[in-house]
Structures are given as C-alpha cells and as structure tokens.
Amino acid sequence: MADCELCGAARPTLCPVKVNDPGVKAAYPTGTWRGINEECLQSCHEANQNRVPIKGKKCDLCGIKNAPLFQVKIQVPIFQEPFHREVSKALCESCFEACEDTIKRREAEKTEAHH
Ligand SMILES: [Zn+2]
Ligand SMILES: [Zn+2]
C-alpha cells in the first residue's frame with residue numbers, strides 16, 4: 001500500500017506523476033515521481049480546466065515556491081460521517097501538466113490493453 005501525496009488515502013497502486021521538485025533538482029534534473037490516487041488525478045484534471053488562482057506559499061505536489069498556484073479541491077478521507085472532507089490544495093502549472101501527461105499515458109495504456 002502507498003499513500004496518496006495529496007489526500008493521504010492508502011491505495012494498492014497510485015498514479016505516478018512526474019514533477020519538477022526544486023528541492024531535489026540537482027539530484028534529479030529530469031524530475032521525480034509523486035504518487036497520487038485516481039480521484040486526486042481527476043480533481044487535478046478538473047482544476048486545470050477551470051483554473052482558480054489560490055494564495056499559497058508553495059505547490060503542494062512539487063514544493064515550488066514563488067510560482068502561480070491554482071486551487072484543487074481534494075476529498076480527504078476521514079473516519080466519521082460523511083467519511084470525507086473537502087480540502088483546498090495549491091498546485092502549480094507544471095504539476096497540472098504532469099497530471100495531464102499521466103492521464104494521457106493511462107489512456108494510451110488502456111487502449112493498448114484492448115487490442
Ligand atoms: Zn489522493
Ligand atoms: Zn507543482
């Protein structure tokens with residue numbers, strides 16, 4: 001099991017998103033992988049289509065500072081009714097693009113599996 005980087009939900013498999021983490025850029029110049037679950041990937045996709053600017057210190061996925069950030073509404077699982085609460089996360093544009101790449105890659109894999 002692995003925990004989603006955005007909502008913290010544990011899943012057997014996560015969707016890998018390649019981000020440019022400025023903190024480890026020297027060690028990983030081409031980017032590092034973050035694991036998020038399918039629900040969060042979908043939330044990022046929707047947030048990318050309808051961009052709402054949000055004030056934040058850094059991107060919640062890659063950690064970049066001083067970049068324009070956009071709101072992503074994430075459903076965080078909790079142990080009481082209604083079993084989730086909505087939390088606003090701040091993501092940068094390059095992470096949105098990374099999410100879109102992951103979605104495209106997953107769709108390509110799905111079509112290939114059909115043939
Ligand atoms: Zn998640
Ligand atoms: Zn980011």
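The following legends describe close-up views of a predicted model of the protein.

**Figure 1. Overall fold of the predicted model.** The protein contains 2 helices and 6 strands, and from the N terminus its elements follow the order β-β-β-β-α-β-β-α. The C-alpha trace extends over about 45 × 40 × 30 Å along its principal axes. A compact globule of 115 residues would have a radius of gyration near 13 Å, and the 14 Å computed for the protein agrees with this. Of the 115 residues, 28% are buried.

**Figure 2. The largest nonpolar core and the surroundings of L91.** This core comprises 25 residues, and C59, L91 and C95 have the most contacts inside it. Two or more residues each are contributed by β3 (15-19), α1 (38-49), β5 (69-77), β6 (84-92) and α2 (93-114). In soluble globular proteins, nonpolar side chains tend to be buried together. With its neighbours within four places in sequence set aside, L91 contacts C44, A47, C59, D60, L61, L69, F70, V72 and F96.

**Figure 3. The β5-β6 hairpin and its turn.** Strands β5 and β6 pair in the antiparallel sense over 9 bridges. Within this pairing, I74 has V87 in β6 as its bridge partner. The two strands form a hairpin with 6 residues between them. In the loop between β5 and β6 lies P82, which is joined to E81 by a cis peptide bond with omega of about -5°. F83 is placed in the loop between β5 and β6 as well, and has a positive phi of about 70° although it is not a glycine. F83 counts as exposed because 9 other C-beta atoms lie within 10 Å, where the limit for an exposed residue is 12 or fewer.

**Figure 4. N66 in the loop between α1 and β5.** The loop between α1 and β5 contains N66. Phi of this residue is near 55°, a positive value in a residue other than glycine. N66 has 9 C-beta neighbours inside 10 Å and therefore counts as exposed.

**Figure 5. G8 in the loop between β1 and β2.** G8 is located in the loop that connects β1 (2-3) and β2 (10-11). Because G8 has 13 C-beta neighbours inside 10 Å, it counts as partly exposed. Residues up to four places away in sequence not being counted, G8 touches D3 and V76. From C-alpha to C-alpha, G8 and Q42 are 15 Å apart in space, and they are separated by 34 residues in sequence.

Key: Residues numbered from 1 in each chain as written. Chains lettered and ligands numbered in written order. Predicted model: local features only at pLDDT ≥ 70, side-chain atom pairs only at ≥ 80, totals over all residues. Helix = DSSP H or I, 4+ residues; strand = E, 2+ residues; numbered from the N terminus. Rg over C-alpha atoms; globule rule 2.2 N^0.38 Å. Buried ≥ 20, exposed ≤ 12 C-beta atoms within 10 Å, placed from the backbone. Core = buried A, V, L, I, M, F, W, Y, C linked by C-beta atoms within 7 Å. Contact = placed C-beta atoms within 7 Å. Pairing = 2+ DSSP bridges.
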